[in-house]
Amino acid sequence: TRIMARPPCDHWLLADTCGALGELVNESDVTDALIRRYSVNGGNGARYAFASGVRSQAGFDARRTADFMAIDLWPSKRFELQGFEIKVSRSDWKQELKHPEKAGEFIPYVNRWWLVIPELVKPVALREELPEDWGMMVVDGNGLVRVTHQAPRRNALPLSTTRMVALMRAVAQTAAYVARRTAQAEFRELERYRAEKDEEHA
């Protein structure tokens, strides 16, 4: 599946200033776009804790995985927990519609549930296909996420201990991934700066 986009830049968390997606889009590209969207810092520090690949339970008996989850850390937003299903192909989305029990493993425990798709010439999903309690987000060719259909807010069931541990583990793993990607970007920027200085003095 091809999507036209500007080439990615090294400052991968700065979605407002540089492109994010390459020409070929996969689930990792969309996940990175969600990470950028929820890497928001305010006067109180980070607004969200987020994670990719969240298992339904902490042990080996976990049956399902949520592609992405984010919890709002601001009390004024009532600590809203959101879940995200990422789809990058039409066939994958059709399979999702045939098996609603997959998302059903998580939906009762979140305040909002979203479908997130890349913006393609041939849409991955149509608005009228969404289950009534789902919202939709679209990632454009620059890696920016926009809401195309608002997810309704619901009262979520409290997370059990095993679900909370699974979420915390995924948050820690995702934070390590973000730190590693950021360090790699900073190293490339330093190498570019050194190369430019060497050219100036050559």
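To begin with, what does Asp133 count as, and at what relative accessibility?

Modeller: Asp133 counts as partly exposed, at 27% relative accessibility. Here buried means under 20% relative accessible area, exposed over 50%, and partly exposed in between, with a 1.4 Å probe and protein chains only. A word on the background: this is a predicted model, where local features need pLDDT of at least 70, side-chain atom pairs count only at pLDDT 80 or more, and totals for chains, interfaces and linings use all residues. Residues are numbered from 1 along each chain as its sequence is written, and side-chain values use heavy atoms, leaving out hydrogens and water.

Asp133 meets the side chain of Arg154 in a salt bridge (3.5 Å, N to O), a term for a side-chain nitrogen of Lys or Arg within 4 Å of a carboxyl oxygen of Asp or Glu. The pair links distant parts of the chain, 21 residues apart: Arg154 is in the loop between β8 and α4, Asp133 in the loop between β6 and β7 (135–139). Helices (H or I, at least four residues) and strands (E, at least two) are DSSP runs, numbered from the N terminus. Arg154 counts as buried, at 17% relative accessibility.

Now to Glu80, whose side chain meets that of Arg153 in a salt bridge (2.9 Å, N to O). Glu80 lies in the loop between β4 and β5 and Arg153 in the loop between β8 (145–149) and α4 (161–200), so this pair ties together parts 73 residues apart in sequence. Glu80 is buried at 11% relative accessibility, while Arg153 is partly exposed at 28%.
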